[in-house]
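Dear colleague,

Please find below the structure that I am handing over to you. My notes on it follow directly after it.

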Amino acid sequence: MRSSRAIAAIALAAATATAAAACSGGSSSSSSSSSSSTPVTSTSASPSTSATSAPVTLTWWNNATSGGLLTVWQNAIKSFEASHPGITIQNVPIQNEQFTTKIPPALASSNPPDIYQQWGGGQEETQLASGKLTNLSTDVSSWISELGSAAQNWNVKGGWYGVPYDLHVVGFWYRKDLFAKAGISSPPTTIAQLESDDAKLKAAGITPIAVGSKDRWPDAFWWEYFAVRECPTSVIQQAMSSVSLSNSCFSKATTDLTSFMATNPFQTGFLGTSSQQGAGSSAGMVGEGKAAMELQGDWDPGVMMGDIPAADQKNLYNELGWFPFPTIPGGQGNPKVVLGGGDGFSCTNGAAEPACAEFLQYLDTPAVQKLILGAGVGLPANPAAIGDLTVPAEKVAAQAAGSAPYTAIYFDTAMPTQPGQNLDNAIANFFAGQGGNSQIISSVAGPA
Amino acid sequence: MARTETASSGQTGPAATENSVAAGPRPGFRRRRGLRKKIELTILLTPALVLFAGFVLLPIVIAAYYSLFNYSGFGPLNDFWGLHNYKIAFNDPFFVQAIQHTLILTVLSLVIQLPLSLSLALLLNRKFRGRGFMRLVIFAPYVLPPAVTAVMWSLMLQPGGFVDQVMQAIGLGRLVQLWLANLHLVLYTNFVVLTWQYIGFGIVLLLAGLQGIPTELREAAAIDGATPWQVTKSVVLPLLAPTIRIWVFLTVIGSLQVFDIVWILTEGGPADASQTMVTYMFSDGFRSLEFGYGTAIAVIIFVFCFVFSLIYQRFALRRDTAGALTRAVG
């Protein structure tokens, strides 16, 4: 009896020690780090001492391993730390694709990063099951509405578990010089016009549209935009929340895409083309003038610039244009709705609050947003910074995103991860001539 | 028994043997030696055994356990599925196709890479001017990181890329294909790149084996009137057989686990046309966050490799290793 009590006491002590160790992981602080259940209100990103009186360190996993965004983050850390004494941000850049394999074990561990890269929507909801994400609702309630409508994607299950720092919109990037060469005076506004322009470009010996099918998700943009044009916004929202594509408008999207692909608008061998890697990629083809258009996100000009000589970059900025996805005759979707998404961050339960939320708020201040714009990685999450866009076509894209009544989030992000990826696979197979509408529609149902 | 004791006492020769047998070590001394041996074994083996158990056996057991759950990688393991993940896998035509692709790559590796490696090794084993340079050139691809190889070839295999241009320049323009976009061809494109990367390893392994064959044997056969082909067939190849068997083992295991080059080159596509078992596992496990299912696929791959290893060890490698280990410790 006595020994069993001793064992129980030892077990309790061990469990307590383990729990204490687990709780102290992540941010190092001499004060108690408040968890998600007791967030401390913070209303300002201005110089603050915050409720955290003792020094804290926040580890920050982000995907800026090189280039302009890395510099932006380094500068943002310096200025934030200067204005928030006692808070230290430990920058941990991680290659973007590695987040796929790093986040699950990190969130399963007792020592996840305090702040990590997040893409919102269904993925955020999937990660919520780990129980490690901090509900930032109280901290962000006073300012989150200042962000564009696309920021709503980051509110899942009634709480803000992530905050975007930039937003994305998908549309057509096109070469004005190649359009002029083919005798096209203005960008198309309907699918019929787009098909007609494709024919003109082909007649002029120009590949009309480049697509990076090797990566699968660029294919998904096509089907999803046809769905956005065919389906009313309410149907799209319902489909994403219920993870069901049973509404007939989604089947119409497949029919539209089938008809469009029958015109052979894409480059030769598009199934083996990557979207962003090098001059042979779909972005590189448009950048080098080997194709006239690409349906891609707002980051595309930045990708193209990396594929062409520096001397040609200014010319490319002038030659690039942007137009929204054309309308479809009889489509029930609002023609001003755009497809998009964004990048952002989540805080984990071990992170000191409100320090973590204050940092995320700081990244959305106009000062930092302008720096992000300068890095050319996305459109500002804070519309107040749109005026600082320098590439004319990017302004057009940003205005379209800003005036959109609704931003339909990429379906693979809006849905939980598994059905989202299954949908991407089914659409990619469809592009390769394997499988049809039923495979696309049923793909989100998951394994039997 | 007497011989063992003699050996352990460190004495040699017939006289020493007789003395040892006559006197024999004292019982206390023998006990101390036995204890010392046990302590030595414990000290020397324990770290390795702990590492092996912790980093090999335990992960296998944990993987097998995780494969019985519907698990996204987040939250607790509480949705027990039993063997359902395995049922899904073998009912999924894409996984069955991935197994077929893996087996095709394995068979092609054996059927094409072995004769090729052997021929080149035999050639490079002869003395000729520039042999060292040739060896370097042929081995060079193997020292490149597979990721570099895959990126390089993905650029060269684009439509109108380097490969197409070379083919057109040498009059083979009509044979140009969509190497990475043709669903019927892409698996074999991957095989060519894999061969380019790994052929050097086979050649070096076989060259090392050839170096171990005494030249006297070949000369004796030649003096007896054997033709070069007969020397190769009846003298060289039989003596090279242990090296070939090791190469086959490494190649089959490597083919069953092939991932990096295929993933970077095609991501298993288009439309799963170049999907292998491991790319399928990675795609479903990490990209779709189906960790329970992905782990079940990993267990299946492990079983494939393990069963092959056991069978191959039993029927092929045993003749090479028989005695080498068992005699030393037995």
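I begin with the domains of chain B: the C-alpha centres of domain 1 and domain 2 of chain B lie 40 Å apart. Domain 1 covers 25–57 and domain 2 covers 84–329, with bounds that come from an automatic or database domain assignment.

The model is predicted, and local features need pLDDT of at least 70, side-chain atom pairs count only at pLDDT 80 or more, and totals for chains, interfaces and linings use all residues. Residues are numbered from 1 along each chain as its sequence is written, while chains are lettered from A and ligands numbered from 1 in the order in which they are written.

Chain B holds 15 helices and zero strands (helices are DSSP runs of H or I with at least four residues, strands runs of E with at least two, numbered from the N terminus). Of the 330 residues in chain B, 28% are buried (20 or more other C-beta atoms within 10 Å of the residue's own; exposed means 12 or fewer, partly exposed in between, with C-beta atoms placed from the backbone). Gly130(B) sits in the loop between α5 (93–125) and α6 (131–143) of chain B. Gly130(B) counts as exposed because it has 9 C-beta neighbours inside 10 Å. Between Gly130(B) and Leu49(B) there are 48 Å in space, C-alpha to C-alpha, at a separation of 81 residues in sequence.

In chain A, strands β2 (residues 56–62) and β3 (residues 87–93) pair in the parallel sense over seven bridges; pairing requires that DSSP find at least two bridges between the strands. Val56(A) has Ile87(A) as its bridge partner in β3(A).

Helix α10 (residues 248–261) of chain A has 14 residues and spans 20 Å from first C-alpha to last, close to the 20 Å expected at 1.5 Å a residue (1.5 Å times one less than the number of residues). Its buried residues include Phe250(A), Lys252(A), Asp256(A) and Leu257(A). Among the elements that cover the buried residues of α10(A) are α8 (217–230) and α9 (233–242) of chain A.

Finally, 29 residues of chain A are in contact with 25 residues of chain B (C-beta atoms, placed from the backbone, within 7 Å). On the side of chain A that touches chain B, α18 (417–431) is one of the elements that give two or more residues, and α18(A) gives the most, with six residues.

Yours sincerely

Note on methods. Contact = placed C-beta atoms within 7 Å.
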